[in-house]
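Hi everyone, thanks for coming. Let me put a chain on the screen and walk you through it.

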Amino acid sequence: MSVKFLKEKILSRRVKTVEQPKRKAYIVFEDFMQLPVYFYHTIGLSPYEMRGSKKPGIGFHILFLIHMVNANFVLAMEITFVVVSFRHNENFIESCMVMSYIGFVIVGELKIVTVLLQRQKLTNLVRQMESVFPAARQKEQEEYDVKRYLQRCLRYTKGFGGLYVILILTYNVFAIFTYLLQKWILHSPHAKQSLPYTPIAPWEWRDNWTYYPTYFSQTLAGMTVTWGHIAADLMIFAVAIQVIMHFDHLTKSLTEFTVRAQSEVNGADKDLKELQALIGYHNKILGLTGVMNEVFGFALLLNFMAQSALVCFVGFQMSLGISPELQAKLFLFLLSANSEIYLICKFSQMLIDASGSISFAVYDMNWSQADSRFRKMLIVLAMRAQKPVCLTATVFLDISIETMSIFLRMSYKFFCAIRTMYQ
């Protein structure tokens, strides 16, 4: 009886092993988009229509509505505080800090609204990206080196996302942590309740139970606009790194192109056919960049306008001799804003370099042995590749690594102007 029991147990283990889901062997498009989609889903927003997934239910839409109503409620309280403070000529430093929060909230909400308005275009972009994504075959994914590009994408997105998560957790937890530390650990009689973003609310929240729901409302609003703020940037990074991957693959294909015009029968025709396929591939990539800039151009413009003012205000507050705790919080805010602009400029410069390398790859080909028709087509390809592809903030700004220096100079000029007015 015991032997029979052992046999059945071993057999059941084998069956369980067979029934376990196989680990995904190949990288798919969604692997690049997992982090921005996750942040959007936490606030009840689906940025684009996903293949094979059900439409969001009513609960998903209610979650989004709760997030947005609460965020706008807190925004209204912040604006009220600033107006009252300036009207009575008091709380100048705190008002400047709240004005920084107001700018951050408005940019975050505008980015969310932009995704809602551009949802169909974003879905079309995703479909086009999926159509050119390397197939789930080992040879093709190795040719594109998809794994390396995914690792680069996750390194940038997780690092940037992690920085903003640390930022929002610091701002959300700092006030209540200080209060609880003074009250329950240090037993200080001077422990005071404070809110993370604005001290104004429609009710009296001090020294009663409404303090905690009011505090939660403001922390939830901070998370809402932060997730909406960074999710758009993470999606730009994920799309840009894939476009770079395609440009690099095209450059590699051109560099390794073997001209057969003089070595094979009908070699010239074969060369033309293969080159036409590569030119068609290049056209698809250029089409992707056009749609990408159309979808994300306004979000990029918001980044540069808002972060320039934000860096200016935060730098001004840090120069006023505030407490070390506030200095640390503001430094983290300043670091996050500058990191965001730097990464956008870096990705755009990577796009410029990757798209420009195609013209060099054309020049390095053994074109002297090719058919005359082949050489003429190469000239057209090289001329088209000489026009750099980059991220554009609508029609106002073509972004590159030089834009970072322009951004810093502009922020410094604003800082000097406000500092002079204050003195």
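I'll start with the chain as a whole and then turn to one residue.

A quick word on the source: this is a predicted model, where local features need pLDDT of at least 70, side-chain atom pairs count only at pLDDT 80 or more, and totals for chains, interfaces and linings use all residues. Residues are numbered from 1 along each chain as its sequence is written, and side-chain values use heavy atoms, with hydrogens and water left out.

So, what is the chain built from? You can see twelve helices and two strands, taken as DSSP runs, H or I of at least four residues for helices and E of at least two for strands, numbered from the N terminus. Reading from the N terminus, the order is α-α-α-α-α-α-α-α-α-α-α-β-β-α. The C-alpha atoms fill a box of roughly 95 × 85 × 35 Å along the principal axes.

Of the 423 residues, 48% are buried, meaning under 20% relative accessible area with a 1.4 Å probe, protein chains only. Now contacts, which are heavy atoms within 4.5 Å: among those between residues at least 6 apart in sequence, 78% join residues at least 24 apart.

Now please find E109, in helix α4, which covers residues 92–117.

Terms used:
Buried < 20%, exposed > 50% of the residue type's maximum accessible area, 1.4 Å probe, protein only.
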